[in-house]
Amino acid sequence: MPIIELVILLACLVLLSNVLSHYLVAIPVSLIQVGLGLGVALLLNVQVKLQTDWFMLVFIAPMLYNDGRQFPKQELWKLRGAIFANAIVLVFITTILGGFLIHVLIPTIPLAVSIALAAILSPTDPVAVQSISEGVKLPKDILHLVSGESLINDASGLIGFKYALAAAVTGSFAIGKAVGDFFYISLVGLAVGLALITLIQVIRDVLRREGINDTVFNVVLQILTPFAIYFIAEDWFQASGVVAVVAAGVLAHIQNSHEAEDAPELRLVTEKVWNIIVYLLNGIVFLILGIELPVATKGTIEGTHTNTFHAIFDVLIVWGILLLIRVAWTYGYMLFSWLRNRAKTKPSVRIATLSGLSGVRGAITMAGVFTIPTVIANGDAFPERALVLFIAAGVIILSLVSAAGILPLMAAKSLPFMTRGSSLDEDDGVIVTDDNETDAPDEVKPQQVSYKQARIYVLRLAVQNIEEHRRAENQRAAYDLILDQQFQIRRLEVASQTADELQPMLTDEMQLRLVALAGERQAVKEMLAHGETSKLAARAYLRRIDEREQRLSQTIHRPGLPTLRTLRILYNRAVQGFRLWIAPADSDKLRAEQLEIQRVASKAAIKTLSQYLKQANVDEQQFDQQALYHLIVNYRNRIENAKADHSLSRADYERQRQTLRIKSLGAERAGVQHLLESGQISLRTASKLRQFINYSENLLMLNDIEADDE
């Protein structure tokens with residue numbers, strides 16, 4: 001397949017995988033991407049010819065640089081000793097001890113190849129590790145430890161893999177040269193990364209002082225930075241490009257602390273662009289893993305010297321070895337910290353096991369495993385290459401499956417976990433500690449609410465503010481705005497509640513809607529009986545009531561994909577519009593009749609709801625008040641939009657709407673400040689809420705500018 005078509009296909013599959021993950025919540029998006037990749041490989045015969053150099057440059061360099069940019073500075077410095085011990089000593093132990101155990105338990109794999117396999121399986125996906133660890137409530141120190149380790153162990157794992165692979169290919173291993181090369185490529189890679197990022201920052205500052213401070217220019221410069229650093233470190237200095245980009249990312253994160261004040265737009269745009277890049281790159285990596293699975297497993301499945309079921313057992317063995325090493329290491333670290341009074345948390349096998357299971361393998365392992373050559377130096381086939389590829393691919397998938405399946409059973413409360421390319425929605429996913437926040441375990445803090453709950457609170461304040469400023473002359477704009485805010489509130493309520501909490505609310509809303517629809521139907525029939533409307537208009541409106549009742553019934557008894565329901569609604573409305581267009585009666589008169597029916601029926605629905613709630617056998621307090629208010633606002637909005645007298649011009653309407661929206665945004669800002677001062681939200685959550693309000697204000701200004709240009 002041509003490269004352009006392949007890139008477009010992979011990008012579309014990344015989007016599809018995240019759509020599917022919205023419905024398949026229990027399955028990590030990375031596993032969905034692997035499955036999609038496997039599907040297109042088998043059904044469409046899609047192949048990707050991987051080459052080590054471009055794969056590391058295009059995929060690994062930018063993702064590691066971004067990981068360095070994202071890691072909290074305080075935690076990295078506070079736990080620097082333990083993090084580097086994990087990233088170097090643990091990788092060394094995993095490589096040597098793990099490789100030896102793999103060779104002992106799977107004798108067909110030579111020792112050098114076993115060591116190479118253990119080395120490439122050492123790196124863990126930092127985003128997956130951190131999100132899993134936060135979800136299962138690991139202690140802060142353990143959380144930052146495994147997160148920092150997963151950031152840095154990519155470099156040491158790849159270096160160990162390189163030398164173990166060289167020993168397997170050449171048949172010789174000079175430990176003195178290997179140690180010297182290790183220090184050279186690591187230290188020089190570190191120096192190159194720090195020097196280049198400093199030089200790039202100096203150039204940016206000089207250009208800014210010269211007036212070249214265009215946001216797009218600076219964003220492109222920042223995006224090109226990891227590619228340039230990796231290329232220069234690898235090709236010019238024969239050092240580790242991986243170490244260089246990680247070091248550059250961390251230093252860039254430290255140096256950019258003033259950028260939010262000097263160039264806030266640049267900071268915001270840069271973060272969004274990086275989110276898009278990493279989202280696509282990591283998704284494509286797992287898609288490539290799925291596409292390459294037939295290649296990785298074909299030799300083992302079709303080969304005669306290795307039984308497929310035995311190979312699957314080998315995958316379990318290797319995964320178990322890696323898990324035991326991580327669990328033992330984490331338990332030892334906890335014991336050491338506790339004995340030296342550095343931690344108040346006693347050593348726990350359960351926490352150590354949770355930490356071990358959080359070691360999800362991802363993009364780095366994928367990048368290295370397909371670089372194994374097919375032949376060694378003397379021309380013979382690389383020993384057990386097919387089995388090694390099979391085991392590596394199996395361990396990646398097994399680590400994802402075990403994290404998704406076992407962790408929720410062991411943890412009191414667990415969250416869906418993500419990898420770098422997962423779609424983050426508000427406060428879901430990885431929770432990164434603010435740089436300026438410190439742990440205070442003995443300090444009693446107020447109960448904090450989540451981002452979604454805080455959004456609901458400020459949106460309700462906005463609705464209240466619009467109600468206070470609603471007058472007879474601006475009712476249409478006010479109800480349109482209130483309805484928009486109510487839809488946001490309902491979506492957030494649905495997203496922030498569990499299935500048990502959500503079911504009573506939905507049941508109440510369905511019951512109230514059915515009562516209101518019954519009132520609408522009765523009002524239309526009375527209008528038809530009294531000759532206040534034509535049969536054609538009445539039948540069309542009654543048909544719409546029947547369709548709404550049918551959709552409610554389907555939602556209760558046979559829920560389907562919202563997308564399919566939306567398509568059916570659009571189709572039915574299109575058919576109805578076409579019938580009105582070809583109707584023999586005057587179309588303007590017919591539309592006027594339908595608007596009158598809508599106004600009368602909506603008033604009847606509100607009256608019917610009021611009478612229903614006043615019945616002796618109905619407890620008004622049992623119904624969700626937000627559901628009732630949302631329904632009434634919906635009908636009031638329909639009444640305003642159905643009024644025949646629309647003397648208000650479009651420009652005046654937009655001006656009224658904009659005035660009300662600006663005032664409501666002021667109420668939202670005050671609400672955020674109240675939540676922050678009362679300790680109900682963190683500084684990070686307040687920042688996200690204010691950023692959302694800023695975006696809304698910018699959109700209002702943009703719409704105003706476009707209106708002036710017309």
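**Aromatic pairs.** I looked for pairs among the rings of Phe, Tyr and Trp (its six-membered ring), with centres within 6.5 Å, and the count came to 2. Planes under 30 degrees apart count as stacked, over 60 as edge-to-face and the rest as tilted. Trp54 and Phe59 are tilted, because their planes stand at 50°, with ring centres 6.2 Å apart. I then checked Tyr65 and Trp274: their centres are 5.7 Å apart and their planes at 40°, so this pair is tilted. Tyr65 belongs to helix α3 (residues 52–70) and Trp274 to helix α13 (residues 264–302), so I noted a link between parts of the chain 209 residues apart.

**A note on the model.** This is a predicted model, in which local features need pLDDT of at least 70 and side-chain atom pairs pLDDT 80 or more, while totals for chains, interfaces and linings use all residues. Residues are numbered from 1 along each chain as its sequence is written, and side-chain values use heavy atoms, leaving out hydrogens and water.

**Burial.** I used relative accessible area (1.4 Å probe, protein chains only): under 20% is buried, over 50% exposed, in between partly exposed. Trp54 is partly exposed at 29%, whereas Phe59 is buried at 6%. Tyr65 is buried at 4%, and so is Trp274 at 1%.

**Charges over rings.** My criterion was NZ of Lys or CZ of Arg within 6 Å of the ring centre and within 35 degrees of the ring normal. I found Arg476 over the face of Tyr653, 4.4 Å from the ring centre. Lys688 has its charged end over the ring of Tyr451, at 4.7 Å from the centre.

Note on methods: Helix = DSSP H or I, 4+ residues; strand = E, 2+ residues; numbered from the N terminus.
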